[in-house]
Amino acid sequence: MAEQVGDKAAGLEALRRQVEQCHRCGLRDQAHGVVFGEGDPVARIVFVGEGPGQEEDRLLRPFVGRAGQLLDKMLAAGGLDRFHGVYIVNVVKCRPPNNRTPTLDERKACWPNLSAQLRILSPNIVVLLGATAVRTLLGISRVSQARGQWYERGGVWFRATFHPAALLRNPSWKAGAWEDLQAVIAKSQELGAGGAQRQGT
Ligand code: URA
């Protein structure tokens, strides 16, 4: 286990250095920096968002603005936290100007970065936060179409849910998002994703 933590952490660090040099699309030139992602290198659950916002671009960390605070609260309510059993990434690693949705070309340009992260992390479960992640990883255009079921791809289980920023705009969707998270937790327990939930919480 200790060996696996070390291997994955080293693999992610090497990839981070590589992604920091990425200029495959124009986003890097306008952003402050690359938001690689963060979390537990041996996470069994990976959360995938859209792309960094202003606060993320400032701090070079994923989901640290208002949407991120909501995500952290939801994780905590489910006995999870971003540094234990969980890893958080985005479809694009550089902030789109004015927080616009990343274009298809930008998503394609960043795909080698995301797919390399997923290859190293090799999670059991990938949670897709919002339409951009759902489109990129499942090829389904709407979250509402994809929610409520599991998609298995190459031994990895994918689940779609609302983006936390959408929950801030539509608080009535929070109950559905909570159901989605509970399904994720139940699945991780079923798959024996030991350590995904904090002990004693
Ligand atoms: N929204 C995202 O999709 N990702 C972040 O990191 C922050 C906000």
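**Sheet, packed helices and ligand site**

In the predicted model, Val 126 stands opposite Phe 158 in strand S6; strands are DSSP runs of E with at least two residues, helices runs of H or I with at least four, both numbered from the N terminus. Residues are numbered from 1 along each chain as its sequence is written. Local features need pLDDT of at least 70 and side-chain atom pairs count only at pLDDT 80 or more, whereas totals for chains, interfaces and linings use all residues; side-chain values use heavy atoms, without hydrogens and water.

Strand S4 (residues 125-129) pairs with strand S6 (residues 156-161) in the parallel sense, over five bridges; pairing requires that DSSP finds at least two bridges between two strands. Helix H6 (residues 131-138) packs on the sheet and touches strand S2 (45-49), S4, S5 and S6, contact meaning heavy atoms within 4.5 Å. The direction of H6 makes about 135° with that of S4; axes are lines fitted to C-alpha atoms, for helices over the stretch in contact, and angles between N-to-C directions run from 0 to 180 degrees. The sheet as a whole is open and mixed, with six strands in the order S1-S3-S2-S4-S6-S5.

The residues around the ligand (a heavy atom within 4 Å) include Gly 49, Glu 56, Phe 63, Asn 90 and His 163. A ligand nitrogen lies 2.7 Å from an N or O atom in the side chain of Asn 90, and a ligand oxygen lies 2.8 Å from an N or O atom in the side chain of His 163.

Conventions: Polar contact = N/O pair within 3.5 Å; in protein donor to acceptor, adjacent residues only side chain to side chain.
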